[in-house]
Amino acid sequence: MRLEQLEYVRAVSEQGSLRRAGEHLHVSLPALSEAVTKLERELGVTLVDRHRSGTRINGTGQELLPRILEVLDAADRLRAAARGESQFHRPTRVGSVYFGVTSIVLPAMRSRELEDEHTSVDMRQLRHGEVRDGLRDGSLDIGLVTLLPGDDVHPDLVATELFHGRPMAVLPGDHPLAERPTVTVDDLRQEVFVGARAGYLMHRVAHRVFGDSPPLKWHTADSADVCKQMVSSGIGVSLMPDFTLLDDPLETRGAIEFRPIDDEGTVIRMAILRRRGVRPTKAAQDLFDLLVHHGSRRVSARA
C-alpha cells in the first residue's frame with residue numbers, strides 16, 4: 001500500500017469522478033485507475049463503482065474514507081515533525097455557503113485573535129450538500145450552512161446555531177419602493193425578480209416568500225454578489241438575509257437599498273457544523289471557538 005494510492009481515493013471523493021481526480025492530480029486516467037485497482041485488491045474491497053458514465057466512490061469507499069484521511073493526516077504530521085514544525089500547521093479545512101463566508105469567516109479571519117494563533121485556513125465555498133458530505137467523509141473540519149424551519153441536520157453531524165435573521169427586499173437605489181420604510185410581498189411580485197438558482201438557500205427562501213404566485217419574470221444567478229450587481233444595475237429586485245447586509249459597500253454608496261418585508265416570517269438560521277464524535281485538532285477547535293465568538297458578537301451588536 002502506498003500513500004499516493006490513498007491520495008488518489010481522496011481525490012476521487014473530493015472531485016466526484018476518476019477523470020476529474022486525474023485532471024486535478026495531473027495523473028493519467030489509466031495510471032490512476034490501475035493504482036486504485038491495486039489498492040482495492042490489497043484491501044479486498046471495491047472502493048469505486050465503474051460505469052460507462054464515469055467512476056465514482058461507492059458506499060464502502062465512503063465508509064473507509066475517514067480512515068484513509070487519518071492515515072494521510074498522520075503522514076502529514078510525521079513530515080511536519082521531521083521538519084520541526086507543529087502539527088497545527090495543517091490548514092483547518094472550512095466549507096461554507098456564501099452567507100457564512102461574508103458574515104462570519106472573513107470577519108473572524110481579519111481579527112487579531114486568529115493572527116495570534118498558529119492557524120491557517122483552507123477556505124472552500126460550497127453548497128449545503130457539499131458541506132455536509134465533506135464533513136461526513138472527513139475532507140472538512142468545519143462547515144457553515146444556512147437552515148430554514150423544518151431542515152434536518154444529518155445524524156452524523158452536530159449543529160451550533162450562530163444567529164438567525166429574516167429575508168429583506170434588495171432594491172435598486174433609485175427604485176420607487178426604496179422610498180418606503182417597508183415593502184410587501186405583492187409589491188415584489190410586480191417587479192422583475194433576480195434570484196438564486198435551484199440548489200441555493202435563497203432559491204428556497206424566494207419560493208417560501210412568494211408561495212404559489214411568483215413574479216412573472218425571474219432571472220437567476222449562482223452568486224449573491226452577481227444578484228446584487230444585477231439589482232444595482234436596475235435589472236430587478238431580490239431577496240437576501242438581513243444578517244448579510246450590514247455595511248454592504250453597494251448600499252454605502254447608494255447603489256442598492258434594503259427594506260423589511262411586511263408580514264414575512266421566514267426565519268433563516270446560520271449554523272456551524274462539525275462531525276459527531278471526531279476529536280478536532282487544537283487549530284480546528286480554536287477556529288471553531290472564534291467563529292462562535294464572532295457569531296455571539298454579531299447577535300449582541302444587532303440587539
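Modeller: A pocket here is an open set of grid points, spaced at 1 Å, with protein on both sides within 12 Å along at least five of seven lines; the model it is computed on is predicted.

Biologist: What volume does the largest pocket have?
Modeller: Rolling a probe the size of a water molecule over the atoms shows where empty space is left. For the largest pocket, the volume comes to about 690 Å³.

Biologist: Which residues of the lining are the closest to the centre of that pocket?
Modeller: The lining of the largest pocket holds 25 residues, which divide into ten nonpolar, five polar and ten charged. Among these 25, the closest to the centre are D73, D141, V278, R279 and P280.

Biologist: Which element supplies the largest share of the lining of the largest pocket?
Modeller: Domain 1 (3–83) and domain 2 (92–164 + 268–301) each give at least three residues to the lining. At least two residues each are supplied by α4 (59–82), β6 (157–165), β12 (268–275) and α12 (282–302). The largest share, six residues, comes from α4.

Biologist: Turning to the helix packing, are α1 and α3 roughly parallel or roughly perpendicular to each other?
Modeller: Helix α1 (residues 3–15) and helix α3 (residues 29–43) pack with their axes 9 Å apart, at an angle of about 110°. Angles of 65 to 115 degrees count as roughly perpendicular, and α1 and α3 are therefore roughly perpendicular.

Note on methods. Residues are numbered from 1 along each chain as its sequence is written. This is a predicted model: local features need pLDDT of at least 70, side-chain atom pairs count only at pLDDT 80 or more; totals for chains, interfaces and linings use all residues. Side-chain values use heavy atoms; hydrogens and water are left out. Axes are lines fitted to C-alpha atoms, for helices over the stretch in contact, and angles run from 0 to 180 degrees between N-to-C directions. Helices (H or I, at least four residues) and strands (E, at least two) are DSSP runs, numbered from the N terminus. Angles under 35 degrees count as roughly parallel, over 145 as roughly antiparallel, 65 to 115 as roughly perpendicular and the rest as oblique. On a 1 Å grid over the protein atoms alone, a cavity is a set of points where a 1.4 Å probe fits but cannot get out, and a pocket is an open set with protein on both sides within 12 Å along at least five of seven lines; lining residues have an atom within 4 Å of a point. Grid points are joined across faces, edges and corners, and a volume is the space filled by probe spheres set on the points. Ala, Val, Leu, Ile, Met, Phe, Trp, Tyr, Cys and Pro count as nonpolar, Asp, Glu, Lys and Arg as charged, and the others, Gly among them, as polar. Domain bounds come from an automatic or database domain assignment.
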